[in-house]
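This briefing is for a reader new to the structure. It takes up single residues, helices, a strand pair and the nonpolar cores in turn.

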Amino acid sequence: MGDDDEMKDFYVSRTGRDAALIARGEPVVYGEGRYADALDEGQLQAYERDGFLILPGVFGAAEIQALREEAQALEHDPAVREGEEVIREPGGTALRSIFRVHELGRRLAELPRDPRLLDVARQILGSEVYIHQSRVNMKPALDGKEFYWHSDFETWHVEDGMPAMRALSCSVLLTDNTAFNGPLMLIPGSHRQFVACVGETPEDHYRTSLRRQEVGVPDPVSLRLLAERGGLEAAIAPAGSVVFFDCNTLHGSAGNLSPWPRSNVFMVYNSVENRLQAPFHGMKPRPEHIAARRSAEPLTPLRAAA
């Protein structure tokens with residue numbers, strides 16, 4: 001990218017500079033939450049304050065069972081297991097993630113358009129939205145590995161060219177997420193600060209970072225500062241619950257040492273007004289199943305589908 005484009009990058013990261021905290025330049029809830037009607041005022045305020053919201057009981061047991069069975073069928077499908085959408089655990093062959101699940105399964109294809117999810121994303125982001133990325137994250141019993149602390153936006157901005165913090169993740173819990181099986185952990189309030197990371201991005205970084213991320217992670221000083229300021233919260237909730245969290249909220253998860261597997265469906269909603277540009281610093285775009293560029297049409301709610 002040219003010098004003019006570089007000047008437009010308000011969230012510079014991984015350029016050989018020292019670590020830094022950069023104040024967020026965009027809203028958390030766009031348009032005062034008036035674009036759609038899904039969350040009440042108290043829920044919107046909690047999301048804006050903390051950078052995430054945990055909603056229990058969104059899906060019933062039968063719905064979750066059907067989604068879980070479809071995810072398990074994909075996990076054991078030989079064609080899927082050999083595809084580029086599959087990420088394996090570091091140092092092993094167990095599956096860690098399956099990407100592009102909203103195009104691989106029938107029920108999983110309908111899930112992003114479910115108004116119980118879609119209308120929340122539209123309300124928070126203040127626009128129509130599309131799926132930037134989807135995946136099933138699995139943590140096998142006894143040895144499912146950790147996900148280190150990170151901000152998704154830092155990666156999506158640097159490696160995918162996502163311009164602004166106008167995206168959110170939606171995690172549908174397919175199993176109970178307990179204190180023992182490696183639940184999602186978040187740092188409340190961390191979405192207000194962009195952590196500029198040290199180091200430079202290796203070529204085809206996604207091939208290793210999706211197994212274990214070592215570049216594009218917060219430095220210990222910044223991490224400790226934000227955690228001491230906001231605390232830590234684990235998203236402990238039963239299957240059928242949903243966690244919405246801002247693209248810049250620092251999050252991670254510990255390994256699963258319990259005898260019970262953990263699995264969740266992650267879907268990333270991005271505003272149609274925040275479509276990807278060319279990646280920063282001359283990097284080539286990541287594959288479509290990780291960062292959608294061609295498939296960026298607004299989602300149609302299921303209730304409006306023919």
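Val221 is part of helix α9 (residues 220-230); helices (H or I, at least four residues) and strands (E, at least two) are DSSP runs, numbered from the N terminus. Its relative accessibility is 59%, so Val221 counts as exposed; exposed means over 50% relative accessible area, buried under 20%, and partly exposed in between (1.4 Å probe, protein chains only). Between the C-alpha atoms of Val221 and Trp260, 39 residues apart along the chain, the separation is 34 Å.

The model is predicted: local features need pLDDT of at least 70 and side-chain atom pairs count only at pLDDT 80 or more, while totals for chains, interfaces and linings use all residues. Residues are numbered from 1 along each chain as its sequence is written, and side-chain values use heavy atoms, with hydrogens and water left out.

**Arg262**
- Arg262 sits in strand β13 (residues 262-271) and, because its relative accessible area is 4%, is buried.
- A polar atom of the Arg262 side chain lies 2.6 Å from the backbone oxygen of Gly182. A polar contact is a pair of N or O atoms within 3.5 Å; within protein, one must be able to donate a hydrogen and the other to accept it, and residues adjacent in sequence count only if both atoms are side-chain atoms.
- Not counting residues up to four places away in sequence, Arg262 touches residues including Asn137, Asp176, Gly182 and Ser253; contact means heavy atoms within 4.5 Å.

**Helix α2**
- Asp40 caps the N-terminal end of α2, with a side-chain oxygen 3.1 Å from the backbone nitrogen of Gly42.
- In α2 (residues 41-50), the buried residues are Leu44, Ala46, Tyr47 and Asp50. They fall within an arc of 160° seen down the axis of α2, so they line one face of the helix; the arc is that of the directions from the helix axis to the C-beta atoms.
- Exposed residues Glu41 and Arg49 are on the face of α2 turned away from its buried side.
- β2 (52-55), α6, β7 and β11 (242-246) pack against the buried residues of α2.

**Helix α3**
- The buried residues of α3 are Ile64, Ala66, Leu67, Glu70, Ala71 and Leu74. They cover an arc of only 160° around the axis, which puts them on the same side of α3.
- Ala61, Ala62 and His76 are exposed, on the face of α3 turned away from its buried side.
- Among the elements that cover the buried residues of α3 are α4 (78-81), β4 (95-99) and α5 (106-110).

**Helix α7**
- In helix α7 (residues 152-160), 9 of the 9 residues are buried, so the helix is largely enclosed by the rest of the structure.
- Ser151 caps the N-terminal end of α7: one of its side-chain oxygens is 3.3 Å from the backbone nitrogen of Phe153.
- Gly161 follows α7 and has a positive phi, near 80°.

**Strands β1 and β9**
- β1 (residues 20-23) and β9 run antiparallel and are joined by 4 bridges; two strands pair if DSSP finds at least two bridges between them.
- Ala20 has Ala196 as its bridge partner in β9.

**Nonpolar cores**
- The largest nonpolar core has 41 residues, and Leu111, Phe244 and Met267 are among those that touch the most other members. A nonpolar core is a set of buried Ala, Val, Leu, Ile, Met, Phe, Trp, Tyr and Cys residues joined through side-chain atoms within 4.5 Å.
- Helix α6 (residues 115-125) gives the largest share of this core, 6 residues.
- A second, separate core of 16 residues includes Tyr11, Met165, Cys247 and Leu276.
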